[in-house]
Amino acid sequence: MPSTPPPRIQLDSNLKRWFARNLGLWKSRRVYFFADGETLLVEMMLRVQAFDSPLDGDAAYRFTWWPEKEFDFFERKPQYPRTGTMEAVLCGHQLQRSSGYLQESAAEQSSAASLIRQVDEHELIFTSHYGDWTILEHIRLVDQDRYRSRSIYSWRHGALEIAENHHELHLEPAGELLQS
């Protein structure tokens, strides 16, 4: 008589709750400090959606971004795409991403894994490695999840290339779940 495998163990439901608090539409005001001394501004829109039942992992998400106010960011840094979509799967304390944000060309696009550390119920720290990049990202939810603060540090070949500060406003709550 075949035995039934044990149920899948949920490592940390706090991470799923934290991600659920981030669903919806965000306006992201960003300041980028580049190693060459250049400082650039950009205002982006970011939509975070969840899938109804992930095929793998504990939960699955889609992140879609596009500029609202570009200033001259993309003219000065044309290697970075104006718009994008990334899918990610939460697997315990890892986020498996379909691509990394700093992969500049289609040839560089590959999956990336981020290790997650939870500071408290409001803040996560992501550490990612892909291509030539090492990324450290702190994301903190503030004021009943109306705001989000993100600090991101990106090293390329071991040298700090970009430091970013993002102030984000939650514009819309989560929408319908995406079909897997």
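Tutor: In this predicted model, residues are sorted by one convention: Ala, Val, Leu, Ile, Met, Phe, Trp, Tyr, Cys and Pro count as nonpolar, Asp, Glu, Lys and Arg as charged, and the others, Gly among them, as polar.

Student: How do the residues of the lining of the second largest cavity divide into nonpolar, polar and charged?

Tutor: The lining consists of Leu23, Gly24, Val48, Gln49, Ala50, Ala174, Gly175, Glu176 and Leu177. With Gly counted among the polar residues and Glu among the charged ones, the lining divides into five nonpolar, three polar and one charged.

Student: In what order do the ten strands close into a barrel?

Tutor: The pairing in this barrel is antiparallel, and the order is S1-S2-S3-S4-S5-S6-S7-S8-S9-S10. Neighbouring strands of the sheet are turned against each other, direction ignored, by an average of 25 degrees.

Student: Which residue in S5 stands opposite Val89?

Tutor: Strand S4 (residues 84-91) pairs with strand S5 (residues 94-97) in the antiparallel sense, over four bridges. Opposite Val89 stands Gln96.

Student: Is Gly158 buried or exposed?

Tutor: Gly158 is found in the loop between strand S9 (147-156) and strand S10 (159-172), and its C-alpha atom is separated by 8.5 Å from that of Asp132, 26 residues apart along the chain. Because its relative accessible area is 65% and the cut-off is over 50%, Gly158 is exposed.

Methods
Residues are numbered from 1 along each chain as its sequence is written. This is a predicted model: local features need pLDDT of at least 70, side-chain atom pairs count only at pLDDT 80 or more; totals for chains, interfaces and linings use all residues. Side-chain values use heavy atoms; hydrogens and water are left out. On a 1 Å grid over the protein atoms alone, a cavity is a set of points where a 1.4 Å probe fits but cannot get out, and a pocket is an open set with protein on both sides within 12 Å along at least five of seven lines; lining residues have an atom within 4 Å of a point. Helices (H or I, at least four residues) and strands (E, at least two) are DSSP runs, numbered from the N terminus. Buried means under 20% relative accessible area, exposed over 50%, partly exposed in between (1.4 Å probe, protein chains only). Two strands pair if DSSP finds at least two bridges between them. Axes are lines fitted to C-alpha atoms, for helices over the stretch in contact, and angles run from 0 to 180 degrees between N-to-C directions.
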